Amino acid sequence: MGQDPKQKRKQERQMNDQMRVRREKMNELREEGIDPFGHEFKPTALAKELTEKYDKFTKEELEEKDVTVTIAGRMVAKRGSGKVGFADILDRSGKIQVYVRKDVVGDENYHIFKRADIGDFLGFTGEVIKTDLGQLTIKPTHVTFLSKSLRPLPDKYHGLQNKEQKYRQRYLDLISNRESFDRFQKRAKIIKAVRNYLDNTLDFTEVETPVLHPSAGGASARPFVTHHNALDIQLYLRIALELHLKRLIVGGMGRVYEIGRVFRNEGMDKEHNPEFTELESYAAYYDYRDVMDETEGIFRAAAKVVSNDGLITYQGSEVDLDKPFKRVHMVDAIKEATGVDFWSSMSDEDAKKLADEHGVKYESYWKVGHIINAFFEKFVEPTITNPTFVYGHPIEISPLAKKNAKDPRFTDRFELYILGNEYANAFSELNDPIDQKQRFEAQVKEREAGNDEAQGIDEDYVKALEYGMPPTGGLGIGIDRLAMLLTDAPSIRDVLLFPTMRPEEDNN
RNA sequence: GAGCCGUUAGCUCAGCCGGUAGAGCAUCUGACUUUUAAUCAGAGGGUCGGCAGUUCGAACCUGCCACGGCUCACCA
């Protein structure tokens with residue numbers, strides 16, 4: 001790290017008094033023969049464990065037990081008087097108080113503690129006690145300096161409030177805002193619960209498929225474009241997992257799923273990040289109704305992480321995830337909300353007339369199906385509160401879903417809506433290669449007509465279908481949105497450790 | 001992409017009608033052997049996001065720029 005003196009001077013100018021003091025203390029430690037960035041240390045206990053195990057005992061009972069433990073963590077608060085001091089030590093499980101006495105740890109150890117800053121990592125070996133006020137506490141006989149913090153931490157009481165800084169410097173958010181820390185723990189547990197349900201209850205196989213695609217298909221979205229040097233070809237970051245997973249169904253894997261990052265080159269807001277995590281699952285011999293059952297199972301398993309009775313509150317609205325989810329055909333839902341009946345046969349012009357009458361905007365290339373979908377989005381979607389499967393999407397907006405056997409205008413597809421937001425998209429997969437090719441061709445026409453999110457033809461995928469794919473039920477769930485719902489997060493950025501941000505110019 | 005709002009000490013925030021900046025925490029010095037947003041006494045710390053402009057004078061008014069947030073449009 002040999003810096004030229006000019007840079008060093010610049011750095012010093014940018015430092016405030018607190019940073020200077022901390023660097024001085026770091027040097028002081030070195031002079032005292034203590035490594036300010038120490039080595040391995042073996043804690044024998046975590047804060048939370050200790051609370052669970054010992055908080056139920058009285059001060060006297062703990063004295064009698066005489067339990068000695070070693071803990072380590074970041075000092076996040078410090079309260080001193082002359083020859084004794086209290087501090088809160090934060091480890092990965094939570095906080096615990098330490099009570100350091102000069103007459104117990106000795107002059108040298110007490111000096112280390114006294115000179116330590118909030119943010120430093122310390123290790124303590126001592127007895128588990130309770131204070132006069134009944135606070136479970138470690139009373140150390142030995143203090144070990146573990147690591148120096150050269151920058152001051154956010155306000156201990158208010159935590160870090162600045163949203164931009166929370167997203168850019170997530171570590172500070174995690175240190176100072178426990179609810180944020182807990183949310184990411186919950187997110188991990190939610191994903192684990194989903195995996196466990198698919199693996200063990202439904203006997204799925206988890207797989208990993210390529211992120212780099214020669215053509216981006218499986219969804220309607222603009223992709224990120226990249227380039228492979230050795231092959232000298234253009235590649236796209238995947239916008240969906242779909243087409244590879246279905247190839248695996250052709251390959252006989254039967255039940256597969258992937259939880260993986262997908263990338264869409266589109267706008268960002270509190271529900272969209274350019275990269276997000278999607279679950280997709282495909283099961284041979286399932287139809288969309290089986291997938292509804294599967295979806296309910298996944299949501300219930302995930303909800304168990306945060307709620308025993310399936311009741312959750314999202315942004316002030318209560319939702320019951322234990323009750324069977326409602327199932328309603330899109331056309332029926334529109335009819336109920338608006339009185340407009342799309343079951344009756346009509347031309348594109350008829351549909352556009354209805355759209356005009358109801359103030360629904362449309363593009364010139366739209367057909368009846370697009371307009372039905374627009375009616376749904378405008379008049380039905382925002383009104384849904386309890387978990388509801390809306391099924392029977394028009395064929396025009398469902399290029400990968402199987403046609404309904406009785407009414408070919410619609411597909412055996414559903415989406416799950418909760419509180420006006422979409423959480424899952426699923427269908428009986430289109431396994432007729434001839435039909436699939438035609439649907440791709442229709443997408444190409446749409447693209448030519450001005451829809452730049454329409455897909456191209458994936459010939460290789462059509463070829464796979466030609467070898468034969470069993471009837472299959474597929475499902476996609478936005479994992480980030482599921483995590484938002486279950487952790488009551490108002491923005492997708494609150495469930496992404498490092499949401500996409502525009503880079504800062506000056507990084508100090 | 002459009003509209004609205006925000007950016008002041010390390011952090012959380014005040015700052016009135018335009019008169020060269022304040023609090024709490026944190027930091028520093030001192031006191032204190034059971035504190036828990038410890039307390040008490042004292043001290044230091046600012047390119048008021050950036051650049052222009054208006055003005056005798058700008059944190060405050062105007063314009064442009066940067067970053068962020070919210071709402072809308074598109075999407076999962």
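A residue counts as buried when its relative accessible area is under 20%, and as partly exposed when the value lies between that and 50%. Keep this in mind while touring this predicted model.

Start with the strands. Five of them form a closed barrel in the order E1-E2-E3-E5-E4, and the pairing is mixed. From one strand to the next, the twist averages 55°. In general, strands of a sheet pair through backbone hydrogen bonds, either parallel or antiparallel. Strands E4 (residues 121–130) and E5 (residues 136–147) run antiparallel, joined by ten bridges. Look at Ile129: its bridge partner in E5 is Thr137.

Now turn to the aromatic rings. The count comes to 14 aromatic pairs. Phe86 and Tyr99 make a stacked pair, with 4.7 Å centre to centre and 15° between the planes. Phe86 belongs to strand E2 (residues 84–91) and Tyr99 to strand E3 (residues 94–101), so the pair links parts of the chain 13 residues apart. Is Tyr99 buried or exposed? Its relative accessibility is 15%, so Tyr99 counts as buried. Phe86 has 23%, so this residue counts as partly exposed.

Another pair is tilted: Tyr110 and Phe113, 6.1 Å centre to centre, with 40° between the planes. Both sit in helix H5 (residues 102–115), three residues apart, which is about one turn of the helix.

The charged end of Lys78 sits over its ring, 5.5 Å from the centre. Likewise, the charged end of Lys65 sits over the ring of Phe57, 4.3 Å from the centre.

Finally, find the cluster. Ring pairs link Phe299, Phe325, Phe389, Phe414 and Tyr423.

Key
Residues numbered from 1 in each chain as written. Chains lettered and ligands numbered in written order. Predicted model: local features only at pLDDT ≥ 70, side-chain atom pairs only at ≥ 80, totals over all residues. Heavy atoms only, no water. Pairing = 2+ DSSP bridges. Helix = DSSP H or I, 4+ residues; strand = E, 2+ residues; numbered from the N terminus. Axes fitted to C-alpha atoms, helices over the stretch in contact; angles between N-to-C directions. Phe/Tyr/Trp six-rings, centres within 6.5 Å; stacked < 30°, edge-to-face > 60°. Buried < 20%, exposed > 50% of the residue type's maximum accessible area, 1.4 Å probe, protein only. Lys NZ or Arg CZ within 6 Å of the ring centre and 35° of its normal.
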